[in-house]
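Colleague: I would like to learn how to read the features of a model like this one. Could you take me through it, one idea at a time?

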Amino acid sequence: MTTATHVQPGVRELVTFRVGEQDFCIDIMMVREIRGWSPATILPHAPKFVLGVINLRGSVVPIVDLSARLGLAPSVPDDRHVIVIAVVGNQTIGFLVSAVADIIAVDGSEVQPTPDVTSETTRNFIEGVIVTKERMLRVIDIQTVLPKVADSAEAP
């Protein structure tokens with residue numbers, strides 16, 4: 001594992017961040033920007049992990065408390081938190097995290113599978129684990145963390 005500068009074939013660049021006291025990362029190609037915390041407008045009847053929406057240069061972007069979504073204690077956002085704006089398919093979404101740490105480059109072989117002793121939800125959310133000398137990073141499958149959008153065909 002190295003700090004990303006020049007990417008070679010088979011190497012993935014990941015943005016690492018903290019959620020509470022835990023270390024996670026996502027593929028840098030999913031990240032559009034990283035911005036400071038700003039209060040979200042609450043949406044009635046939204047899941048508890050959806051903090052609300054923010055205005056991002058004229059676009060309404062939902063904000064997910066990644067800690068709550070991953071089954072950890074809900075975050076109490078303050079000025080030290082940041083929002084990682086990610087784009088998945090045609091959806092832009094923000095994830096509240098405690099802090100962004102760095103960008104790393106890892107060989108695909110360094111990502112170990114999620115252990116079988118974890119729950120089905122954990123295996124769905126966590127793509128794998130990267131072991132370093134300093135820490136263990138969980139690679140989040142950002143597509144499965146997204147709140148499920150109701151199928152418009154099911155609407156009355």
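**Reading the model, feature by feature**

Modeller: Let us start with H45, which lies in the loop between β4 and β5 (50–56); strands here are DSSP runs of E with at least two residues and helices are runs of H or I with at least four, numbered from the N terminus. This is a predicted model, where local features need pLDDT of at least 70 and side-chain atom pairs count only at pLDDT 80 or more, while totals for chains, interfaces and linings use all residues. Residues are numbered from 1 along each chain as its sequence is written, and side-chain values use heavy atoms, with hydrogens and water left out.

Colleague: What is the phi of H45?

Modeller: The general idea is that most residues other than glycine have a negative phi. H45 has a positive phi of about 65 degrees, although it is not a glycine. R57 also has a positive phi, of about 50 degrees, and is not a glycine either. R57 is placed in the loop between β5 and β6 (59–65).

Colleague: Is H45 buried or exposed?

Modeller: Relative accessible area decides that: under 20% is buried, over 50% is exposed, and anything in between is partly exposed (1.4 Å probe, protein chains only). H45 has 85% relative accessibility, so it counts as exposed. R57, at 58%, is exposed too.

Colleague: On to charges. How many salt bridges are there?

Modeller: Side chains of opposite charge can pair when their charged atoms come close. The rule for a salt bridge is a side-chain nitrogen of Lys or Arg within 4 Å of a carboxyl oxygen of Asp or Glu. By that rule the count is six. One of them joins the side chains of D23 and R18, at 2.6 Å from N to O. R18, E21 and D23 are linked in a network of salt bridges.

Colleague: Where is D23 found, and what does it touch?

Modeller: D23 is in strand β3 (residues 22–27). D23 counts as buried because its relative accessibility is 10%, whereas R18 is partly exposed at 27%. The D23 and R18 side chains also make a polar contact at 2.6 Å; that term means a pair of N or O atoms within 3.5 Å where, within protein, one must be able to donate a hydrogen and the other to accept it, and residues adjacent in sequence count only if both atoms are side-chain atoms. Contact in general means heavy atoms within 4.5 Å. Leaving aside neighbours within four places in sequence, D23 is in contact with F17, R18, R135, M136, L137 and R138.

Colleague: R135 is in that list. Which residue does R135 form a salt bridge with?

Modeller: Its partner is D102, with the closest N and O atoms 3.4 Å apart. This pair links distant parts of the chain, 33 residues apart: R135 is in the loop between β11 (126–131) and β12 (136–140), and D102 is in strand β9 (residues 99–107). D102 is partly exposed, with a relative accessible area of 30%.

Colleague: And the nonpolar side: which residues have the most contacts inside the largest core?

Modeller: In soluble globular proteins, nonpolar side chains tend to be buried together. A nonpolar core is a set of buried Ala, Val, Leu, Ile, Met, Phe, Trp, Tyr and Cys residues joined through side-chain atoms within 4.5 Å. The largest one here has 24 residues, and F17, L66, F95 and I140 have the most contacts inside it. At least two residues of this core come from each of β2 (11–19), β3, β7 (82–88), β8 (91–97) and α3 (142–145). The largest share, four residues, is supplied by β7. Beyond its neighbours within four places in sequence, L66 is in contact with F17, V19, F95, L96, V97, I140 and V145.

Colleague: How many aromatic pairs does a search of the whole structure find?

Modeller: Rings of Phe, Tyr and Trp (its six-membered ring) pair if their centres lie within 6.5 Å; planes under 30 degrees apart count as stacked, over 60 as edge-to-face and the rest as tilted. The search finds one pair. The rings of F17 and F24 have centres 6.5 Å apart and planes at 25 degrees, so this pair is stacked. F17 and F24 are both buried.

Colleague: Which residue lies over the face of F24?

Modeller: A charge sits over a ring if NZ of Lys or CZ of Arg is within 6 Å of the ring centre and within 35 degrees of the ring normal. R138 lies over the face of F24, at 4.4 Å from the ring centre. Likewise, R69 lies over the face of F49, at 4.3 Å.
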